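Trainee: Please show me how to read this model, one feature at a time.

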Amino acid sequence: METKILKVASIFENPDELQQAADILAQGGLVAFPTETVYGLGANGLNEDAVRAIYRAKGRPSDNPLILHICDMEMLPQLAREVPSAAVRLALEFWPGPLTMVLPKTSQVPDAVSGGLDTVAIRFPGNLIARELIRRCGKPVAAPSANLSGSPSPTTAQHCIDDLMGRVDAIVDGGICGVGLESTVISLAGEVPTVLRPGGITVEQLRKVLGDVQVDPAVTHPMAEGQKAASPGMKYKHYAPKARVILVDGNQADFAGYVNERKADGVFALCFSEDIAALEVPAVCYGGEKRPGEQAHALFDALRRLDDQNAQLVFAHCPNQDGLGLAVYNRLLRAAAFDVVRL
């Protein structure tokens with residue numbers, strides 16, 4: 001398959017290239033495109049055949065649900081058969097933005113989107129290129145991250161090219177993603193709003209709007225055998241480089257001592273900027289220890305750079321788990337397949 005690279009710096013530049021991408025989506029093709037979180041791999045979300053092509057291109061398990069992206073609130077009623085007051089309050093506060101809501105789905109939503117569940121995940125992205133692409137397509141766009149399944153999510157068009165060249169119809173180059181981690185996913189289909197995946201909107205922010213908000217155990221622990229994932233990013237190992245990753249929870253001195261004792265060829269550290277001076281192994285930094293926004297923005301690119309440097313074993317310094325740090329911790333847990341050393 002030939003993959004077109006379409007450069008769209010903004011919605012005011014290269015409108016013909018943006019229209020090409022929209023036409024490909026409308027005709028049942030696959031397009032990688034930027035959002036404020038990560039790049040998504042999009043298809044017409046109401047076309048079951050097109051949606052199934054996403055799974056094939058990524059090598060993604062078919063029971064792992066997708067998110068439907070909308071460009072205005074008028075699209076919501078055709079996708080969600082119920083919109084509770086909690087969803088309205090969250091939409092007023094956080095949409096457009098990096099928040100996905102899981103709601104009871106309508107019959108128009110293909111099972112391929114929902115992973116066979118009776119719910120659907122819906123997001124109204126903040127990125128203007130994404131919204132204009134959806135508007136021009138005229139359909140909600142189903143889109144997981146635009147990477148091979150299990151590998152670090154893409155935050156630049158080059159990441160998409162590295163993973164998906166020849167597998168998709170087009171890649172829209174819209175620059176670097178701002179947030180760097182996927183959206184927060186909250187389920188409003190049960191009695192208590194429940195965060196299924198942490199992201200750019202923190203649990204604390206959600207509680208300010210809704211009051212009682214739970215965090216699903218799968219955010220920090222493996223899912224139970226046979227349990228169905230209600231959201232992307234819950235069930236499988238994700239975000240991982242080719243190297244084995246071990247998450248190390250400890251202070252700066254203990255982390256450096258633990259890693260230095262295991263110095264060998266192919267051993268790397270994924271660490272904070274403050275750690276580097278004390279380490280005796282090659283290090284890739286993913287931000288400052290007390291800067292979770294910086295960590296979120298840099299994490300996936302740092303994981304990919306470990307592959308570029310042929311790392312074999314990576315000791316990753318565990319982040320703080322408050323606020324946005326919970327989302328960073330969640331991604332590292334899954335990259336490490338829950339292999340954690342607590343010092």
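Mentor: Start with one side chain. Lysine 242 has a relative accessible area of 77%, so it is exposed. The cut-offs are under 20% for buried, over 50% for exposed and partly exposed in between, with a 1.4 Å probe and protein chains only. The model is predicted, so local features need pLDDT of at least 70 and side-chain atom pairs pLDDT 80 or more, while totals for chains, interfaces and linings use all residues. Residues are numbered from 1 along each chain as its sequence is written, and side-chain values use heavy atoms, with hydrogens and water left out.

Trainee: Which residue forms a salt bridge with lysine 242?

Mentor: First the general idea. Side chains of opposite charge can pair when their charged atoms come close. The rule here asks for a side-chain nitrogen of Lys or Arg within 4 Å of a carboxyl oxygen of Asp or Glu. Lysine 242 meets that rule with aspartate 307, where the closest N and O atoms are 3.9 Å apart. Lysine 242 sits in the loop between β11 (214-215) and β12 (244-249), and aspartate 307 in helix α9 (residues 292-308), so the pair ties together parts 65 residues apart in sequence. The element names come from DSSP runs, numbered from the N terminus: helices are H or I with at least four residues, strands E with at least two.

Trainee: How many salt bridges does this rule give?

Mentor: The count is 16. One of them joins arginine 81 and aspartate 118, at 2.8 Å from N to O. Arginine 81 is in the loop between β4 (67-69) and α3 (85-94), aspartate 118 in the loop between α4 (111-114) and β6 (119-123), so parts 37 residues apart in sequence are tied together.

Trainee: What is the relative accessible area of arginine 81?

Mentor: Arginine 81 has 44%, which means partly exposed. Aspartate 118, at 46%, is partly exposed too.

Trainee: Which residue pairs with lysine 263?

Mentor: Glutamate 280, in a salt bridge of 3.4 Å from N to O. This pair also links distant parts of the chain, 17 residues apart: lysine 263 in the loop between α8 (252-260) and β13 (267-271), glutamate 280 in the loop between β13 and β14 (283-285). Glutamate 280 is partly exposed, at 49% relative accessibility. Elsewhere, shared partners join Glu132, Arg135 and Arg136 into one network of salt bridges.

Trainee: Now helix packing. At what angle do α9 and α10 pack?

Mentor: Two packed helices are described by the angle between their axes and the distance between the axes. For α9 and helix α10 (residues 325-335), the angle is about 30 degrees and the axes are 9 Å apart. That makes α9 roughly parallel to α10. The classes are under 35 degrees for roughly parallel, over 145 for roughly antiparallel, 65 to 115 for roughly perpendicular, and oblique for the rest.

Trainee: Which residues meet there?

Mentor: Contact means heavy atoms within 4.5 Å. From α9 come Pro292, Gln295, Ala296, Leu299 and Phe300, and from α10 Gly325, Val328, Arg331 and Leu332.

Trainee: Is α10 mostly covered or mostly open?

Mentor: Mostly covered: 11 of its 11 residues are buried. Among them are Tyr329, Asn330 and Arg334. After α10 comes alanine 337, with a positive phi near 50 degrees.

Trainee: And how do α3 and α7 cross?

Mentor: The axes of α3 and helix α7 (residues 203-210) come within 10 Å and cross at roughly 120 degrees. Therefore α3 and α7 are oblique to each other. Ala86, Arg89, Leu90, Glu93 and Phe94 of α3 touch Gln205, Leu206, Val209 and Leu210 of α7.

Key. Axes are lines fitted to C-alpha atoms, for helices over the stretch in contact, and angles run from 0 to 180 degrees between N-to-C directions.
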